[in-house]
Amino acid sequence: MSFIKLKSILGKRKNDRATIEQMMNTLQGPLAIFDHKNNLLLGDPLANGFTTTIGEDSQIVGSIKGPESSVKLIKSMLELLLSKQAEKKEIGNEVLLLYREVNLIYGFSEQLAKTIKPDQIAHTALKQAQQLIKADAGWVLLIEEAKNQLTSLATLGTEVDSEKMDEKDDKIIMNILSEGKPDIINNTAKDVRTKNEQLNLQSLIYAPLQIGERIIGLIILGTLERMDYKANDLKLLSTLSMQAASAIESALLYEKTIMEAREREASLRRIDRLKDQFLANTSHELRTPLNGIIGLSESLFDQLEKEEQKEDLEMIIASGKRLRNLVNDILDFSKLKEQDIKLFLKPIDVRTICDVVIRLLRPLMKGKNIQLLKEIPDQLPLVQADENRLQQILYNLIGNAIKFTEKGKVSIIVKPLTDFVEIEVRDTGIGIPKDKQDRIFNSFEQADGSIERKYGGTGLGLSISKKLVDLHGGELRVESEEGKGASFYFSLPISTETKPSNNVEPLVASNLRERILTEQAEEAPLPELLSQFENGAEKISILAVDDEAINQKVLQKHLSSELYHITSAMDGRSALELIDSGQKFDLVLLDVMMPRMSGYEVCQKIREKYLASELPIILVTAKNQVEDLVHGLSVGANDYLAKPYSKAEFLARIRAHLNLHRIHTATGKFVPYDLIKVLGRESILDVVLGDQVEEEVTVMFSDIREYTTLSETMTPEENFKFLNSYIGRVGPVIDANEGFIIRFLGDGIMALFLRSAEDAIRAGIDMQKIIQNYNKEREEFGKRPLKVGIGMHKGPLIMGIMGNEKRLEANLVSDTVNSASRMEGLTKYYGSSLIITEPMLLQTGEKPIFKYRSLGKVQVKGKKKAIEIYDVFEADNPEIFSKKQQTKSIFESGLQKYYERLFEEATAAFAQVLSIHPEDKAAQLYLSNAVRYHNSGVRADWEGIEVMDVK
């Protein structure tokens with residue numbers, strides 16, 4: 001019986017109260033009715049005698065006092081009224097539950113209508129369930145049949161780690177998946193069916209995701225505190241899970257269908273790309289010899305003197321350029337598929353176009369017994385067409401007719417119709433079978449495989465011609481019978497004009513020679529480019545990378561001016577070896593299609609070392625599709641020049657990039673390229689105020705010892721020349737060791753090494769060796785030798801651009817810079833030429849490539865933490881090197897005794913070092929300290945750290 005308060009019977013229900021009062025008045029003795037809190041509800045408060053409770057032990061709703069017989073009668077009546085009230089309440093609860101289910105289904109349906117993604121549907125189901133049923137965590141698990149396991153589709157709740165759920169060891173999960181019955185666990189600690197107590201969930205409720213008889217997964221909800229889930233909760237979750245199951249499966253099927261469709265589309269696109277790649281490769285093979293023909297012909301033109309020879313050469317150049325246009329047209333194939341070709345329509349005389357095409361194709365008739373005939377009316381109206389495209393159509397159709405005809409006739413028949421001019425190309429060749437006539441207009445299709453082997457060709461000509469005719473608003477069709485020849489018909493709209501807009505360019509243009517000479521006149525180098533290299537200055541160094549000898553020859557001919565110095569490389573690896581060898585180039589001309597390593601790869605490798613502004617690269621290639629251009633620029637090329645190119649265009653591109661290179665070279669002298677590269681910029685023009693990046697770097701500081709005294713003996717001009725001479729010697733050493741100078745500090749240098757500490761140490765050693773050689777030169781002139789101290793430290797550093805809108809400067813912000821500067825200062829104190837810190841030594845590995853010794857721990861000015869430092873004596877002069885090497889173990893043993901406060905033993909060790917190497921300043925310092933501490937003692941907290949007040 002549901003818990004019903006007596007007050008609701010005796011207080012709110014007047015009829016039931018009146019009935020009970022009437023009974024109590026007619027029964028013998030005073031009676032009293034109390035609620036479950038012993039508050040009087042009805043009767044005499046002084047009633048006494050027999051007492052009994054109303055309700056069950058777990059649900060006591062009240063009590064009655066009075067005579068026993070009367071009490072029992074009243075109790076029976078009240079329990080009857082309570083029972084009826086409980087029945088009504090139960091019916092009300094069922095109605096409410098049904099209402100909640102209806103609302104759940106309606107609300108969930110609205111949510112499902114908003115998404116078709118399985119994981120979103122599952123998440124929505126969990127959120128909906130959490131609103132109706134108390135839960136701290138939840139899962140939607142799906143059966144993955146391929147792996148025979150459950151996978152999580154969605155989770156709810158952040159306090160529980162869902163990855164800990166092990167469904168394989170959970171019997172209740174396995175039972176639900178096998179039997180499809182929902183279930184409840186209100187106390188996981190005592191229920192042996194689940195082993196997921198490690199989830200820290202006290203109560204769990206399960207419902208299968210079921211569609212008919214098939215179970216696809218389940219929904220699980222759980223609480224962190226113990227919860228008494230009821231049958232109503234189970235019913236609600238089961239209702240929701242049934243609806244979710246159907247929606248999830250539909251979404252999964254939809255996803256599968258979409259995925260399959262995308263895979264099919266991707267497969268078709270891959271096939272389409274293969275076709276385009278075939279075209280690109282084919283064009284490359286055509287363009288390479290064509291580039292040689294045009295390029296060498298243009299270069300030879302000025303060398304010839306006889307007019308007859310020049311006319312022949314003009315014909316070769318004109319034919320080459322016409323062939324170049326045809327090759328370019330073939331590469332329009334991908335655009336034609338999308339009708340993305342723009343036609344330049346104008347009134348055209350078909351007769352003239354036919355004459356041009358026939359003259360071009362006559363060489364194909366050599367060795368064949370063929371008559372080439374024309375049937376064109378004298379009064380033929382003009383057509384509205386694109387001149388170049390019409391030539392391409394006729395070239396393909398007439399060329400095919402000649403190719404597939406061994407003997408007989410090839411005829412061009414032109415007929416004016418009402419609104420169109422119809423052009424027929426008829427031959428007496430092998431013909432086309434009826435069942436193949438529809439396929440010949442498809443891309444890469446020919447009438448028969450054996451024909452392709454015998455006659456060759458890509459199978460693109462007719463496909464391209466049909467698309468071009470369609471774009472003109474005409475129609476291309478074929479009539480043929482196998483063995484009896486073929487006739488191709490296409491139509492073009494008649495123009496409303498009566499005169500051609502201009503004449504068609506004939507095979508041998510009368511003004512060709514003038515155009516060539518004009519081009520050559522325009523190719524003169526720009527004055528600003530010449531000025532850099534006049535008066536015997538260094539030539540422009542260009543690296544030409546191409547595996548074709550003829551292309552190399554063309555490049556050399558085009559760049560034959562004394563202005564240029566050409567270095568040839570026949571493959572990518574050779575080009576990279578030349579660049580890595582240290583040879584400097586102003587420009588790289590790079591072919592794309594090369595064996596073993598493509599031009600794209602070479603370009604990418606070069607960009608790992610040089611910015612686009614440092615070393616411009618022009619890709620010179622036969623591949624000229626849009627994706628090739630995009631890919632070339634994406635790997636770092638500055639420009640893209642498609643073969644075959646004209647000499648004028650080629651030299652114009654060269655000049656443009658060389659001038660840009662000059663500008664960037666000049667700016668690179670003020671802001672290092674390496675800094676620009678670290679900031680993620682391509683050139684100084686891209687740098688903006690606020691650009692910054694944090695890197696782990698090695699900072700080097702170097703300083704000339706006693707420079708003030710040295711400079712007093714020189715005039716300002718001599719000082720200036722001296723510093724430039726000094727920097728000119730040590731600067732390249734830093735560059736050669738992968739570093740760069742970030743700042744000149746009078747007689748000092750600040751440099752950064754981004755790659756490794758070992759680069760910096762090697763640079764420091766090489767600098768000391770350079771200075772030793774420099775000192776020998778100075779001694780010959782009676783000048784004082786130089787002493788240079790170098791300090792280094794490795795750590796984090798922010799590099800960036802600081803200043804304001806009018807003035808920008810590359811700057812560094814870091815404690816690493818200050819520490820490196822302090823190390824340089826310590827070289828004076830310890831009498832060392834090169835001091836490094838412990839972080840640097842640790843990076844060099846177990847066996848460093850240089851000689852060093854520990855100098856102990858120091859706390860430099862402005863620092864709270866001590867740091868261990870080392871004296872790198874690899875580049876000390878041979879005498880000092882030998883002595884430091886001989887005393888290294890003694891010195892470091894003495895240092896160890898010093899730190900252990902064994903000052904007497906430390907004194908003996910340092911004294912022994914000085915007996916061998918009296919000038920060892922570090923040994924002198926530690927000996928002095930050891931003697932002092934031995935005599936006076938040290939504080940209890942003494943750690944042997946040298947506190948340096950000097951900068």
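Author: The largest nonpolar core has 40 residues. A nonpolar core here is a set of buried Ala, Val, Leu, Ile, Met, Phe, Trp, Tyr and Cys residues joined through side-chain atoms within 4.5 Å. Buried means under 20% relative accessible area, exposed means over 50%, and partly exposed lies in between (1.4 Å probe, protein chains only). The model is predicted: local features need pLDDT of at least 70, side-chain atom pairs count only at pLDDT 80 or more, and totals for chains, interfaces and linings use all residues. Residues are numbered from 1 along each chain as its sequence is written, and side-chain values use heavy atoms, with hydrogens and water left out.

Leu390, Leu394, Ile423, Phe488 and Phe490 have the most contacts inside this core. Helix H10 (residues 387-403) gives the core its largest share, seven residues. Helices (H or I, at least four residues) and strands (E, at least two) are DSSP runs, numbered from the N terminus.

Take phenylalanine 490. Leaving aside residues up to four places away in sequence, Phe490 touches Leu390, Ile393, Leu394, Leu397, Val421, Glu422, Ile423, Val469, Glu475 and Leu476. Contact means heavy atoms within 4.5 Å.

Helix H27 (residues 903-916) buries Phe903, Ala906, Thr907, Ala909, Phe910, Val913 and Leu914. Seen down the axis of H27, these buried residues fall within an arc of 165°, so they line one face. The arc is that of the directions from the helix axis to the C-beta atoms. Helix H26 (878-899) and helix H28 (921-936) are what the buried residues of H27 pack against. Exposed Glu904 and Ser915 sit on the face turned away from the buried side.

The length of H27 also fits. Its 14 residues should span 20 Å at 1.5 Å a residue, and its end C-alpha atoms are 20 Å apart, which agrees. The expected span is 1.5 Å times one less than the number of residues.

Arginine 901 lies in the loop between H26 and H27. Arg901 is not a glycine, yet its phi is positive, about 65°. Most residues other than glycine have a negative phi. Arg901 is partly exposed, with a relative accessible area of 36%.
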